[in-house]
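Please keep the sequence and the coordinates open while reading.

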Amino acid sequence: MVPMIVAGAIGLVGLLVTFAGVRVRVRIVGLSIMGGAAVAMLAVAGPATAGTWWTVLLTAVTLAGMMAFAAVLSRRIDGTAHRQTDREPGRGTDRAQDPGIDEGRR
Amino acid sequence: VTSGSLVAVTLPVVVVSPLLGAAATAVTRGNARARVALIAAVLTTLAVAVLSVAVLTDGVTTLVLNNAVGLEVLLVADGLALAMVTMTAITCSVVAGFAAAEDRAHPETRHERFWPVWFGLWASLHLLFLAGDLLTAYLMLEAIGIAGAGLVTLDGDRPTLLAGTRYLYAELVASTTVLAGIALIWSRTGSLRFADLEPGLVTEPGGWLALGIVSAGLLLKVPLAPIHIWLPAAHTRAPSAVSPVLSAVVVKSSFAVLVRLWFVSVPELVTRSAAQLLGALGVVAIVWGSVLALRATQVKALIAYSTVAQLGFLVLLAPLVQAGAADAWRGGLLYAVAHALAKAALLMAAAVLIENAGQPDVDALLGAASRRPLAVFAVGIGGLSLVGLPPSGGFVGKWYLLVASLQTGQWWWVAPILLGSLLTAGYLLRLLKPAFATDASPRPATSASPPTTTSTFDGRSGLALALALTTLALGIRPVEMLELLDLGAPLLTGGP
């Protein structure tokens, strides 16, 4: 039970980082901590069998896929912001009406 | 399950068929891709129809699929699963026709990855609804999240990417929360099968905590107000063939897992206060979503906020089923099916109307009834079901919920159901009123995407209307769906 409580506490830290983080990168780190802690909880919850390890592996891969997709989308958002700035340098008002994830938290 | 029986054969086919659709559309190109997609959609829907008839004949069926490394997938074909799978198949097959028509009408917007991701989403939905264990359900929720966000962000302008990213972030927070709860459940029960959870969770300390953590994650995934913030933007910005499936079917995925967990798997652990709290959140969702829909200025935003409100009606089944009302089980789930059919029809019709108007504003629908009568008719029929007027499926669902409220003595749910229905009528009339008004002014010159289809009766409007009419069919003859929902229902022997 102790490893599970420790992993749960780490997951809560990840949750706090995710919600407190202003920059996208920080939030992805927070989500990764949450995901890692949840996978660790799963690893200590099940019996020590091959099925458990496959379960943990499958879960970790799926979560990692979601994190990677979130990172790719964030990069694409950055890319569109730069393209927009390059094309239309004076359109500050559009940016204000359409806040990015970073800007939206401020 | 008897190997070789019709159910044993069709159960895996229902999951594999859309996967084959994904593979086939990934290797085909051009116009052939849409034809292959339609064939896969029809075959999948036929497989679901055969499975539903077979299960109605044979009763609840369970199928265990094992592999060499010790992983098992448990498929359960009961009433809840089949109602949701039938809803998914009908909605997805009609929306697939709509997407194929969009491909023909606007080949320039055709996206290479649309059809494979679309069928991947469809297969994940089927496996989720049929899953007999928490782990499979969790993995499919992940797959649905990835596919959903992928479809939203196919067209990569900045606001769409922002909406899709927020959707994915919310999914990630919810997923990790659900996973932590699943780990706790596993440590308490030693099993992840829905059917084996109750003894361990009821007797072991911390069972309620594990259930609470999983439930919180699932409610964020649904999403239930006030944690619905990501939904309107994602559903509004999604491509016109994606919004209907997100608003109609994807929102039911976590809801179905929650219902199975609470009332089929561990009903003894669900306390009256927890169920009442969920019902209260449902009332908040009804009022909050309706007010936002009444204030929305754009057509798709109005319908997206309507989804927030309608999800509130669905969770009203919780306090009533907890009190032992079998009618609440039937009404809540039948309303879920009716809502899916009506909402998908509304969004498909909205896409046609927005394209015809050239802009997304509600005011731009002025005179739409004369230009796109079928689409406006679809909005009217779908709206009938959402409001809950006879003879629609929405009426039957709400009627059962009202009866269950009075049967269980929980009269305080009657007012939100009736008030919510009035509010629904109010915001849907905002779409219909300008559509039937006379358009005396010249068409706006700021048309963002001028219409390419000149015919008043285009195929996409016809598909939207056909789907809307299925909600009427469900209301006129709900017997088969109600029989299906009774299969494996938890409370039919213990009514009030």
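## Chain A

In this predicted model, chain A has five helices and zero strands, and its pattern along the sequence reads α-α-α-α-α. Of its 106 residues, 39% count as buried. When the contacts in chain A with a separation of 6 or more are considered, 55% of them come from residues 24 or more positions apart.

## The interface between chain B and chain A

The contact draws 45 residues from chain A and 37 residues from chain B, and the area buried between the two chains is about 3400 Å², with carbon and sulfur atoms giving 77% of that area. On the side of chain B, the residues B:Arg158, B:Tyr169 and B:Trp186 supply 23% of the area that this chain buries against chain A, which is more than any other three residues supply.

With regard to polar interactions, the count of salt bridges between chain B and chain A is zero, while three residue pairs are found in polar contact across the interface, both residues being at pLDDT 80 or more. Helix 5 (134–152) and helix 6 (158–189) of chain B each supply at least two residues of the side that touches chain A, and the largest share of that side, 23 residues, comes from helix 6. By residue class, the side of chain B that touches chain A divides into 21 nonpolar, 11 polar and five charged residues.

For helix 8 of chain B, the 15 residues should span 21 Å at 1.5 Å a residue, and the end C-alpha atoms are 21 Å apart, which agrees. Its buried residues include B:Gly207, B:Ala210, B:Leu211, B:Val214 and B:Ser215, and also B:Gly217, B:Leu218, B:Leu219, B:Leu220 and B:Lys221. The buried residues of helix 8 of chain B pack against helix 5, helix 6, helix 7 (197–203), helix 9, helix 10 (243–265) and helix 11 (272–295) of chain B.

B:Thr25 is found in helix 1 (residues 6–27) of chain B, where it is buried with a relative accessible area of 0%. Leaving aside residues up to four places away in sequence, B:Thr25 touches B:Arg33, B:Val36, B:Ala37, B:Trp115, B:Pro116 and B:Phe119.

Most peptide bonds are trans. The peptide bond from B:Val222 to B:Pro223, however, is cis, with omega near -10 degrees, and B:Pro223 has its place in the loop between helix 8 (207–221) and helix 9 (230–237) of chain B. A cis peptide bond also joins B:Pro390 and B:Pro391, with omega about 5 degrees; B:Pro391 is placed in the loop between helix 16 (373–387) and helix 17 (393–407) of chain B.

## Salt bridges

Over all chains, the structure holds nine salt bridges. One of them is formed by the side chains of B:Glu102 and B:Arg460, at 2.7 Å from N to O. Since B:Glu102 lies in helix 3 (residues 79–105) of chain B and B:Arg460 in helix 19 (residues 459–476) of chain B, the pair ties together parts that are 358 residues apart in sequence. Both B:Glu102 and B:Arg460 are buried.

The side chains of B:Asp327 and B:Arg330 likewise meet in a salt bridge, at 2.7 Å from N to O. These two residues are three residues apart in helix 14 (residues 326–357) of chain B, so B:Asp327 and B:Arg330 are separated by about one helical turn, and both are buried. A further salt bridge, at 2.8 Å from N to O, joins the side chains of B:Arg477 and B:Glu480; here B:Arg477 counts as exposed at 52% relative accessibility, whereas B:Glu480 counts as partly exposed at 36%. Salt bridges that share partners also join B:Glu102, B:Glu355 and B:Arg460 into one network.

Key. Residues numbered from 1 in each chain as written. Chains lettered and ligands numbered in written order. Predicted model: local features only at pLDDT ≥ 70, side-chain atom pairs only at ≥ 80, totals over all residues. Heavy atoms only, no water. Contact = heavy atoms within 4.5 Å. Buried area = accessible area lost by both parts, 1.4 Å probe. Salt bridge = Lys/Arg side-chain N within 4 Å of Asp/Glu carboxyl O. Polar contact = N/O pair within 3.5 Å; in protein donor to acceptor, adjacent residues only side chain to side chain. Helix = DSSP H or I, 4+ residues; strand = E, 2+ residues; numbered from the N terminus. Nonpolar A, V, L, I, M, F, W, Y, C, P; charged D, E, K, R; others polar. Buried < 20%, exposed > 50% of the residue type's maximum accessible area, 1.4 Å probe, protein only. Expected span 1.5 Å × (residues − 1).
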